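Here is a short report on one protein chain. Look at the sequence and the 3D view, then read on.

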Amino acid sequence: MRNYIQISVSILLFFRAVRSKEVTEEYDPTNPHRNPTKCEVCKIVADELENLMTETGKTHEVITQGGFDRPQKKIKYTNSEIRLIEVMESVCERILEYNIHAERKDSRRFAKGMSETMSTLHGLVDKGVKVELGIPLSMWDEPSAAVTKANQYCHYLLENYEDVIESWFFKTDHSRELSNYLCADRVLSKEDAVCLNEVWTGKERVHGTEDEENLKGDPGSRDEL
């Protein structure tokens with residue numbers, strides 16, 4: 001119970017912080033490495049939950065469910081509580097596969113794959129150029145602080161809205177996207193839900209970012225990105 005209270009307090013504090021845009025002491029919406037917003041976290045969680053549902057929904061396996069004080073019965077894995085549990089246990093770790101793409105606007109900065117900035121830096125290293133970021137080369141591709149925060153907030157979100165996700169899984173036909181059913185309808189206010197409609201087409205770019213400016217300077221004296 002004590003752990004549950006601590007988690008609930010953490011959720012409340014986080015959601016209050018992102019609503020007032022005070023996740024950091026000096027919130028800078030132009031900084032691509034700023035902490036994730038409430039909308040960004042919910043959007044990523046919803047996307048990854050649906051991705052995992054797609055991946056785990058291709059089997060025709062039938063499992064036996066029940067036991068102890070519940071009668072055993074055979075059920076399709078795709079309709080089972082076990083599937084939902086496995087998906088929810090996996091989703092937050094998937095967020096650690098994201099990177100910050102400083103060249104992309106708004107919530108589009110969170111995406112999988114190597115960013116253009118880091119791709120350029122790796123290319124320089126491959127050519128023998130000394131690039132100093134203040135951290136070992138082996139740590140360049142570790143999850144950033146913003147991605148790590150998104151992973152942490154993911155756990156808080158699942159804890160607080162587990163019943164909503166269960167209702168979507170068991171009581172709907174999944175035709176309504178989870179980003180709408182969970183984020184737009186229940187987690188976010190209308191003004192906070194703007195990021196849900198942001199998609200990356202290749203045109204939504206940010207020019208003149210600090211990362212781009214760093215790449216124009218001396219490769220051997222760049223600051224940490």
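A disulfide is a pair of cysteine sulfur atoms within 2.5 Å. The structure is a predicted model, in which local features need pLDDT of at least 70 and side-chain atom pairs count only at pLDDT 80 or more, while totals for chains, interfaces and linings use all residues. Residues are numbered from 1 along each chain as its sequence is written, and side-chain values use heavy atoms, with hydrogens and water left out.

**The disulfides**

How many disulfides does the structure hold? There are three. Counted along the chain, the bonded cysteines pair in the pattern 1-6, 2-5, 3-4. The table lists each link.

| Disulfide | S to S distance | S-S torsion |
|---|---|---|
| Cysteine 39 to cysteine 195 | 2.0 Å | -100° |
| Cysteine 42 to cysteine 183 | 2.1 Å | about -95° |
| Cysteine 92 to cysteine 154 | 2.1 Å | -85° |

Helices (H or I, at least four residues) and strands (E, at least two) are DSSP runs, numbered from the N terminus. Buried means under 20% relative accessible area, exposed means over 50%, and partly exposed lies in between (1.4 Å probe, protein chains only).

Take the link of cysteine 39 and cysteine 195. With -100° about the S-S bond, this link is left-handed. Cysteine 39 sits in helix α2 (residues 38–56), and cysteine 195 sits in the loop between α7 (178–187) and α8 (210–216), so the pair ties together parts 156 residues apart in sequence. Cysteine 39 and cysteine 195 are both buried.

Next comes the link of cysteine 42 and cysteine 183. Its torsion about the S-S bond is about -95°, so the disulfide is left-handed. Cysteine 42 lies in helix α2 and cysteine 183 in helix α7, so this pair ties together parts that are 141 residues apart in sequence. Cysteine 42 is buried, and cysteine 183 is too.

The link of cysteine 92 and cysteine 154 is left-handed, with -85° about the S-S bond. This pair links distant parts of the chain, 62 residues apart: cysteine 92 is in helix α3 (residues 81–95) and cysteine 154 in helix α5 (residues 145–160). Are these cysteines buried or exposed? Cysteine 92 has a relative accessible area of 2%, so it is buried. Cysteine 154 is at 0% relative accessibility, so it also counts as buried.

**Two loop residues**

Aspartate 106 is not a glycine, yet its phi is positive, near 55°. Aspartate 106 lies in the loop between β3 (98–100) and β4 (110–112). Its relative accessibility is 38%, so aspartate 106 counts as partly exposed.

Histidine 174 also has a positive phi without being glycine, with a value near 70°. Where does histidine 174 lie? It is in the loop between α6 (162–171) and α7. At 29% relative accessibility, histidine 174 counts as partly exposed.

**The helices beside that loop**

α6 and α7 pack at an angle of about 145°, with their axes 10 Å apart. Axes are lines fitted to C-alpha atoms, for helices over the stretch in contact, and angles run from 0 to 180 degrees between N-to-C directions. Contact means heavy atoms within 4.5 Å. Which residues meet? From α6 come Val164, Ile165, Ser167 and Trp168, and from α7 come Leu178, Tyr181, Leu182 and Arg186.
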